[in-house]
Amino acid sequence: MTPQNFREFAEKRQKELAKLLRSDLPRLMGTKAMQHFRGNFARGGFLDDNLQAWPSTWRQQTLSGADGQRGPLLSRTNTLRNRILFKLAPGRVRIYNDLIYAAIHNNGGSITITPKMRKKFWAMYYRTLGTSKATADNGKGRHKGKTVTHLNATAESEKWRRMALTKKTRFVMPQRKFIGPSQTLTRELRRTVEDEIRKILTP
């Protein structure tokens with residue numbers, strides 16, 4: 001290789017490396033990170049160096065059929081999983097989930113039960129009964145002036161009723177981490193960087 005050829009080779013590789021660091025690598029790393037974190041939902045836990053399994057949910061312990069068989073944090077639409085996205089900027093990438101309830105699942109914590117939440121619990125109760133409040137009220141009995149459980153109540157509807165009637169003002173959400181530093185992901189990203197640089201520098 002002549003000095004002129006070497007200069008041309010070096011200049012071309014320098015431009016390719018600059019493009020790699022500015023745009024190509026952030027996109028590759030964002031895609032891999034997004035897939036890794038979404039994969040935690042199928043794994044049923046957070047994969048760091050080892051799998052940190054999530055605690056089971058009331059739904060899994062109580063319900064039968066498809067609803068009871070789905071893993072923690074999975075739903076019929078899998079919205080929480082699918083909202084793990086990435087945003088590119090020159091030379092960097094940000095992984096995020098913009099759902100309002102994502103942080104409490106990822107970090108765990110205590111939630112205050114508000115009147116608005118109790119209203120939502122009642123709405124879910126009647127929805128799981130498969131009827132409206134007015135219709136359901138025709139199917140309930142009374143004992144000493146107190147409402148008795150609706151005759152067609154299910155395990156799921158009873159859960160919502162108990163949540164609506166609880167005297168507690170707060171409840172604890174256990175942590176089910178799905179986004180965060182991961183040794184497994186770090187190793188995969190490091191290999192990706194090395195492979196992409198090697199492709200450029202190999203004559």
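User: Leaving aside neighbours within four places in sequence, which residues is L17 in contact with?

Analyst: Heads-up: this is a predicted model, where local features need pLDDT of at least 70, side-chain atom pairs count only at pLDDT 80 or more, and totals for chains, interfaces and linings use all residues. Residues are numbered from 1 along each chain as its sequence is written, and side-chain values use heavy atoms, with hydrogens and water left out. You'll find L17 in helix α1 (helices are DSSP runs of H or I with at least four residues, strands are DSSP runs of E with at least two, and both are numbered from the N terminus). Taking contact as heavy atoms within 4.5 Å, and skipping neighbours within four places in sequence, L17 is in contact with I197, I200 and L201.

User: How far apart are the C-alpha atoms of L17 and I200?

Analyst: Along the chain, L17 and I200 are 183 residues apart. L17 itself is partly exposed, with a relative accessible area of 25% (buried is under 20%, exposed is over 50%, and partly exposed is in between, using a 1.4 Å probe and protein chains only).

User: What share of contacts between residues at least 6 apart in sequence join residues at least 24 apart?

Analyst: Let's zoom out to the protein, which has nine helices and eight strands. Of its 203 residues, 31% are buried. Among contacts between residues at least 6 apart in sequence, the share joining residues at least 24 apart is 66%.

User: What is the phi of L73, roughly?

Analyst: L73 sits in the loop between α3 (65-69) and α4 (79-82). L73 is buried, with a relative accessible area of 13%. Most residues other than glycine have a negative phi. L73 isn't glycine, yet its phi is positive, near 70°.

User: And what is the phi of N78, about?

Analyst: N78 is also in the loop between α3 and α4. At 16% relative accessibility, N78 counts as buried. N78 is not a glycine, but its phi is positive, at about 55°.

User: Are α6 and α8 roughly parallel or antiparallel to each other?

Analyst: Axes here are lines fitted to C-alpha atoms, for helices over the stretch in contact, and angles run from 0 to 180 degrees between N-to-C directions. The axes of α6 (residues 115-129) and α8 (residues 155-165) come within 8 Å and cross at roughly 160°. Angles under 35 degrees count as roughly parallel, over 145 as roughly antiparallel, 65 to 115 as roughly perpendicular and the rest as oblique. Therefore α6 and α8 are roughly antiparallel.

User: How many nonpolar residues does the contact of α6 with α8 have?

Analyst: On the α6 side the contact includes F121, W122 and M124, and on the α8 side it includes W160, R161 and M163. Ala, Val, Leu, Ile, Met, Phe, Trp, Tyr, Cys and Pro count as nonpolar, Asp, Glu, Lys and Arg as charged, and the others, Gly among them, as polar. By class, the contact has two polar residues, four charged ones and, for nonpolar, nine.

User: Which helices do the buried residues of α8 pack against?

Analyst: The buried residues of α8 are S157, E158, K159, W160, R161 and A164. They pack against α2 (58-62) and α6.

User: How far apart are the C-alpha atoms of R118 and L165?

Analyst: R118 is in helix α6, and at 21% relative accessibility it counts as partly exposed. Not counting residues up to four places away in sequence, R118 touches I113, M163, A164, L165, T166 and K168. R118 and L165 are 47 residues apart along the chain, and their C-alpha atoms are separated by 7.8 Å.
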